[in-house]
Amino acid sequence: MRTQILVAGLAALVVSGCFSSAPTASALAYTDPPATSGWRLVRDPSSTASRLVLGLVGPAGTLTRGVGVNLQAPRGVRFGTFDGGLAVEDGGVYDLRSLDDGPEEPLAIAAGLKKGNVLSAGVFQKDRRRPAKDSGATLLRVALEVDPSTCPAAGSSLTLTVLRAAAIPEDIGLTTDQPVALARKLALTELDVAVGTLVAN
Amino acid sequence: MNRTTLRRLAALAALAAPLAAAPASPAALPRDVQARIEAGRPARVARVERDLRARAAALGLGAADTLRTESSFTDEGGRTVIHLVHLHQGARVLGSQLVVHVEQDGALRTFGHALAAGIVLPGGPSITRDAAVAAAQVRLGARGPLAAEPAVERIVFPTRFSGARAFELASGRSSIHRGYAGPLAGLAPYVWAWRVHLQVHNALDGAADWSFVVHGDTGEILRADDLLRRATPAVGTGLGWHRGPVSLDMSQMNDGTYALLDTTRGTLPNPNLSYYADDGSGWTPTGMQVWWEEHDATGASTWNSFLFQGNASSAWGDGQPFTSFGAESGPNGQSAGVDAMVGLRTTWDFFGSVFGRNGLDGNGTTPYATALCTGMVPAGDSWWSVGAFGGYFGVGTWPLLADGVDAPTDLDMVAHEATHGVTSPSWDRYFVDSPGYEEAGLDEATSDFFSEMTEIWAARSGSDPANAIPATPGDGQIGRTFLRTGPLRWFDRPSRDGRSVDGWFDGVKYMDGHFSSGPLNRALHFLARGASATAGDDTHSIYLPAGMAGIGNDSAARIWYRAVTEYLVPDLTGGLTYDDAREAALSAAADLFGAGSAEAAAVEDAFAAVNVGQDHAGTVHAKVWFKPWRNGDYIEIDHIYSDDAGKRQYFPRGENVRPRITVENAADTSVTWSVGGPSMWNGADYYTMAGGRIEADGSWTTPFQMGWHAITATSVADPTQFAEGRAFLVNLDMDSDLEQDATDMAELSYSWYLSNGLNPSHSVFIAPWVDDQDVSTFVDAMKAAWPVP
């Protein structure tokens with residue numbers, strides 16, 4: 001009988017507890033990458049103590065029509081959602097609706113959490129007739145939180161990795177172009193995104 | 001024809017008239033009372049119209065809206081039933097209608113699917129009637145001439161009824177069918193439209209009978225309904241259609257010869273035959289008649305058809321299976337004509353004698369049959385055309401083929417088809433009979449059931465009243481002789497055919513109506529004849545293991561006839577379900593026998609025995625279903641392709657995903673999963689696949705084949721309960737980097753508004769254009785495949 005009680009107690013610990021004697025983290029601290037003329041992931045003012053919101057910002061003066069990113073978070077961090085349940089928030093720069101339709105048409109914004117804790121997210125101007133926009137502002141936001149089930153130690157450094165990022169360039173050709181010439185212009189611009197440092201506290 | 005023969009025929013006709021020996025039903029009124037009430041029907045209709053006009057605002061109708069009486073009748077219990085359709089600026093609002101019951105004491109009750117309220121639709125269609133016809137003809141794709149002038153009607157179309165099986169891409173490039181794929185982009189809740197009815201009967205196209213709804217501004221096809229009622233495709237067996245010696249009502253023509261033209265049945269002309277010119281022979285489009293399809297001596301159809309006529313004698317047929325191609329009008333071919341005529345006549349008389357119905361459609365419209373078909377309908381098949389108001393019956397393939405099928409001109413097959421003339425009396429009122437709608441199964445089962453009742457009624461003894469259905473059991477089969485190895489369908493346990501199902505499940509709608517008919521066929525069989533409490537019996541139901549007592553053929557038939565003619569009124573949208581059928585039957589039983597009657601309780605038990613609703617004792621079963629989960633997103637709101645758009649699921653191909661499922665009424669909500677489902681083995685849907693590997697826990701590695709895939713979830717707590725759902729697999733890797741991720745959505749921007757052919761690969765459907773279907777489906781598939789907890 002004593003053995004059974006002991007086993008039951010261990011099972012409960014395995015499910016719910018953190019064994020490390022070190023204090024576990026409950027918040028994320030993020031330091032922006034150095035200000036450059038390139039693409040960066042920066043801390044958004046909407047962040048709170050328990051929820052880190054990062055914004056993808058492009059270089060001022062660079063015109064684009066949409067951007068997508070695959071961002072891998074380390075163990076100890078999980079992605080959060082915004083209003084509407086989507087794991088990405090539009091930065092408000094791009095026009096996500098077409099010129100023709102009303103407010104009920106679907107927005108060109110998508111996100112999903114893929115294997116390996118990789119958030120794939122993007123916002124795009126689905127209507128090619130919309131003009132390209134200046135990328136020097138927050139184009140999209142993602143949210144991160146401490147994953148308490150993984151018991152990250154307070155003070156531990158974590159690494160965020162941008163596996164891929166790409167933007168729709170300004171020039172995507174005209175519908176009046178010859179098909180071959182047009183096809184050459186239908187290519188994404190690969191982005192090199194600078195990421196800051198992340199610490200669990 | 002000599003005078004003796006004429007007198008004999010007249011005497012037989014008198015015998016066939018309804019007898020007044022017994023009341024028509026438990027609720028039937030004396031004939032004089034019924035006649036008095038019937039005489040007051042026009043006044044009651046006028047009163048109802050006045051009342052409804054006065055209540056227009058309360059009904060949500062504006063100044064531009066009116067309600068028009070489409071039809072009315074007085075039933076055998078003295079109730080006046082009025083069917084009104086909704087007009088906006090004089091145009092019918094598709095699907096918006098009311099049915100009003102006026103009881104003997106003047107009490108009014110309205111029911112039916114809700115009226116479309118608050119329509120704001122100024123102006124009218126901007127494209128012309130001719131342009132709409134042209135658009136419909138393009139979609140029909142007929143190569144030969146039309147069989148009749150197109151019938152065209154200006155309508156208001158609620159776009160939530162968009163969708164049907166006609167939305168195939170016809171671009172000539174490799175693409176997939178997305179008939180149920182998603183919403184039409186940018187449609188307002190109501191649009192002006194043209195409804196176009198096209199029929200063809202020719203060698204190039206075969207037989208086709210379609211109703212198209214054409215967008216009044218864009219010419220886009222918004223909906224397409226196939227109005228041919230096809231019987232089950234034949235899968236090899238024989239022919240044996242002897243009805244033996246029968247008496248026939250026929251006509252002696254102006255030249256003294258005889259024709260299979262029965263002018264004692266039919267007071268309105270047939271809508272299809274009315275296009276034929278009067279040739280002075282004495283022929284008329286008013287009067288039940290049988291035609292034949294012409295062939296050459298090799299059996300090749302000429303695509304001409306003729307009335308059985310020119311017979312020098314009043315004796316028809318040789319009583320043998322047909323083998324005489326090239327001589328169809330001779331004695332051998334006449335035998336098929338005789339069978340078809342007997343079937344039509346018997347069905348007509350059954351509904352008239354038992355229910356007091358005026359013909360098949362209730363208005364006395366002439367039906368007709370075309371026999372010996374190989375072109376207008378395949379040799380081993382039979383169809384009913386709603387628009388032509390007639391049946392086409394194949395010639396059969398036996399005995400010319402040893403393993404062929406009988407000619408489908410036996411009484412049960414003809415009565416099945418002719419009953420479609422009762423449930424779908426015109427192209428303004430028909431049951432939608434396409435896979436994807438539970439209504440299709442209700443339609444086919446109703447034809448099966450009344451075919452069985454017609455057979456039983458026709459076999460009554462001389463002492464049985466003609467206005468009641470004997471209690472004798474029928475054969476419980478449809479197509480008894482057709483396959484030569486067994487019937488097409490069984491009533492007691494429909495799954496005996498290996499294709500039908502015995503009980504309702506979420507997803508039964510995806511089956512062909514001839515197989516989704518199984519639950520209703522079984523329910524009506526149980527209602528009439530009872531169900532066994534012994535496991536293993538063909539009439540034992542796992543959903544009602546204690547069994548039930550039947551209430552007899554006559555009571556069961558009256559309940560179901562009343563249900564389909566007074567409660568289960570189709571509205572051209574395919575919206576009737578098995579739950580509706582149960583409710584309609586309960587309402588009919590309450591009318592006829594009382595709400596607390598044993599008959600009403602039997603209705604509850606009969607439907608519970610096929611997994612529809614609770615039994616009379618209130619037994620609750622687990623429910624497994626693909627619950628609508630969209631909660632009002634773009635796909636669901638205003639862009640609904642079908643009534644279950646809210647429950648369908650989109651996933652990327654070649655990924656590991658988890659479909660959603662809901663289990664209710666069970667403490668254990670776990671399910672086991674499998675790919676495919678009952679709809680996969682009925683041959684109904686050529687486009688749905690069963691692919692990939694799904695683990696028992698629902699982890700599904702989706703295959704690479706795009707398009708609709710069937711998946712089935714079965715309750716662990718109650719394995720009798722399961723649901724078949726639809727998942728649409730799309731390609732998200734539009735940038736071809738072998739990764740399906742959000743960045744792929746950029747390709748939609750590239751492709752937006754590019755003309756056909758420039759970027760077909762940038763559609764998630766591999767369609768030759770990109771629109772909001774792609775956007776909404778992309779977003780949906782990302783969320784479904786890779787949810788963020």
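**View 1. Phe389(B) sits in a loop between two strands of chain B.** In this predicted model, the loop that holds Phe389(B) runs between strand E16 (382-385) and strand E17 of chain B. Have a look at the backbone here: phi of Phe389(B) is near 50 degrees, a positive value in a residue other than glycine. For background, most residues other than glycine have a negative phi. Is Phe389(B) buried or exposed? Phe389(B) counts as buried because 26 other C-beta atoms lie within 10 Å, and 20 or more is what the label takes.

**View 2. A cis peptide bond links Trp398(B) to Pro399(B).** Moving along chain B, we come to the loop between strand E17 (390-394) and helix H6 (411-423), and that is where Pro399(B) is found. Omega for the bond joining Trp398(B) and Pro399(B) is about 10 degrees. Most peptide bonds, by contrast, are trans.

**View 3. Asn611(B) also has a positive phi.** Here phi is near 70 degrees, and Asn611(B) is a residue other than glycine. Asn611(B) is buried, with 23 other C-beta atoms within 10 Å.

**View 4. Three strands of chain B make an open sheet.** Follow the order E22-E26-E25, with antiparallel pairing. Strand E22 (656-657) and strand E25 (693-694) stand at the edges; each has a single partner strand, so one side of each is left without a neighbour in the sheet. Zoom in on E25(B) and strand E26 (residues 700-701) of chain B, and you'll find an antiparallel pair with two bridges. Which residue of E26(B) stands opposite Ile694(B)? That would be Trp700(B).

**View 5. Chain B meets chain A.** How many residues does each chain bring to the contact? Chain B gives 29 residues and chain A gives 37 residues. On the side of chain B that touches chain A, the elements giving two or more residues are helix H13 (746-751) and helix H14 (772-785) of chain B. H14(B) supplies the largest share of that side, with eight residues. Sorted by class, the side of chain B that touches chain A has 19 nonpolar residues, along with five polar and five charged ones.

Key: Residues numbered from 1 in each chain as written. Chains lettered and ligands numbered in written order. Predicted model: local features only at pLDDT ≥ 70, side-chain atom pairs only at ≥ 80, totals over all residues. Helix = DSSP H or I, 4+ residues; strand = E, 2+ residues; numbered from the N terminus. Buried ≥ 20, exposed ≤ 12 C-beta atoms within 10 Å, placed from the backbone. Contact = placed C-beta atoms within 7 Å. Nonpolar A, V, L, I, M, F, W, Y, C, P; charged D, E, K, R; others polar. Pairing = 2+ DSSP bridges.
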